[in-house]
Amino acid sequence: MRRFLPFIIIIVALLAALGGFLYFKSRATSSTSGVSSTTMPTPAPTAQAGQPQISTPPVVSTNEPGATPPHAIGPASAPVTLEEFGDFQCPPCGFLHPELKKIANTYGPKVRIIFREFPLTPSHPHALTAARAAEAAGMQGKFWEMHGMIFENQRTWHSAFDARPVFEEYARAIGLNIDRYKRDVASPAVAERIFLDQKRAHALNVTGTPTVFINGKEVPFDSLPAERLGSLIDAELARIGR
Amino acid sequence: MQNSPGSDVRTLQEIPGQSAAGPSPLIYGAMAFLSFIGLVDSIYLTVQHVTGQSVRCTIITGCSAVLSSPYATVAGQPLALIGAVAYFTVFSCAVLAAFGYKIAGKILAVIVGLMFLTTLWLLYLQAFVIKQFCQFCLVSAAVTILLTILVFIGWRRRSR
């Protein structure tokens with residue numbers, strides 16, 4: 001028996017390693033639906049369109065505030081806050097971008113849209129570079145301009161070997177002081193903002209992108225197209241009585 | 001059944017190829033334990049890479065920068081996967097060596113030596129090229145450094 005014992009231990013360790021791999025993998029895939037897929041989901045057909053869909057998920061909160069102040073469109077007093085945790089290189093986030101523009105145009109001051117950095121690395125090698133570029137633009141008050149440029153041209157830089165020159169071009173195009181931009185991209189302040197957003201994401205158990213919360217309630221991935229988001233926001237406004 | 005010190009010595013001498021002057025089974029057991037920790041760390045990072053999940057880094061800010069750098073992959077394969085294979089090999093060698101397979105102890109020393117050199121290179125990259133540190137990579141580095149120390153202790157015992 002002793003002769004075979006080391007081989008038994010090795011085989012058990014191998015099985016444990018394979019089991020660990022499958023465990024981590026199933027945990028990673030079950031915690032996020034649709035992450036890193038290449039298209040936005042089609043709205044799930046529902047017989048009760050317009051009915052309050054958002055009352056089911058619980059409100060989640062955390063003491064981690066994220067980067068302060070957050071990048072936001074809409075007043076802080078808006079009755080509905082839509083908070084997105086996004087990755088600039090994630091294709092579904094790119095698809096969500098025009099959907100949120102529609103929401104901002106439709107609801108105006110009733111909805112506050114917040115963008116939080118959640119670069120998914122290492123599977124998206126340019127995600128962190130893009131987040132830094134957007135945050136550096138934010139240092140000059142042009143986060144949303146850079147945010148738009150990056151998402152709208154995602155296919156252009158997605159497979160670039162080095163995305164930094166591309167983002168520098170965008171910085172010039174939106175009128176940033178390029179010397180300051182280059183300094184800010186590598187600054188600890190920018191790294192800190194991304195880190196704080198990631199801490200908030202982890203505290204809220206966000207594991208993939210795009211993850212959207214409406215007044216603290218996580219929106220199912222298949223409800224991210226504008227029409228579905230709109231019905232959720234309407235339901236939330238009705239619930240609040242606005 | 002009681003186990004006396006005398007019976008321990010006899011058992012050790014009965015193991016083929018094992019000498020009392022070489023590294024003790026305890027050292028090899030510690031190496032197997034450490035390499036298993038390294039294996040779990042590497043498997044976790046490999047899964048994160050394969051599934052495209054964000055790595056949960058809330059202690060040190062640099063994980064994203066390190067794991068998204070070009071150095072995180074070798075010939076298209078995640079470096080973490082190569083690390084997992086290396087740790088499993090070290091684990092297997094340590095178990096075999098603990099049971100008296102001398103050749104396994106020699107292979108283990110060579111692999112740990114290579115891993116130590118790789119670790120120094122990766123630490124250099126984190127410190128001076130990427131200028132960020134990743135906590136999971138530091139755990140792996142610590143495991144490899146401890147393995148190297150144990151190999152060195154074993155070598156000193158053998159050369160006495």
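Predicted model: local features only at pLDDT ≥ 70, side-chain atom pairs only at ≥ 80, totals over all residues.
Q: Which residues of helix 2 of chain A are buried?
A: Among them are A:Leu96, A:His97, A:Leu100, A:Ile103 and A:Tyr107. An α-helix has 3.6 residues a turn, so residues three or four places apart point the same way.

Q: And what do the buried ones pack against?
A: Quite a list: strand 2, strand 3, helix 4, helix 5 and helix 9 of chain A.

Q: Let's do strand 2 of chain A, then. Is it mostly covered or uncovered?
A: Mostly covered, as six of its seven residues are buried.

Q: How does strand 2 of chain A run relative to strand 3, parallel or antiparallel?
A: Parallel, with seven bridges joining the two strands of chain A. The chain gets from strand 2 to strand 3 through helix 2 of chain A, and that β-α-β crossover is right-handed.

Q: Which residue stands opposite A:Leu82?
A: A:Ile113, in strand 3 of chain A.

Q: What about strand 4 of chain A, how does it pair with strand 2?
A: In the antiparallel sense, over four bridges. A:Glu83 has A:Phe213 in strand 4 of chain A as its bridge partner.

Q: New topic: is the peptide bond from A:Thr209 to A:Pro210 cis or trans?
A: It's cis, with omega near -10 degrees. A:Pro210 sits in the loop between helix 8 and strand 4 of chain A. A cis peptide bond also joins A:Thr68 and A:Pro69, where omega is about -5 degrees.

Q: What's the phi of A:Asn205?
A: Near 65 degrees, which is a positive value in a residue other than glycine. A:Asn205 lies in the loop between helix 8 and strand 4 of chain A.

Q: Why does A:Asn205 count as exposed?
A: Because it has 11 C-beta neighbours inside 10 Å, and 12 or fewer makes a residue exposed.

Q: Last one: what does the secondary structure of chain B come to?
A: Six helices and two strands, in the order α-α-α-β-β-α-α-α along the sequence. Of the 160 residues of chain B, 49% count as buried.

Key: Residues numbered from 1 in each chain as written. Chains lettered and ligands numbered in written order. Buried ≥ 20, exposed ≤ 12 C-beta atoms within 10 Å, placed from the backbone. Contact = placed C-beta atoms within 7 Å. Pairing = 2+ DSSP bridges. Right-handed = clockwise from strand over helix to strand, strands pointing away.
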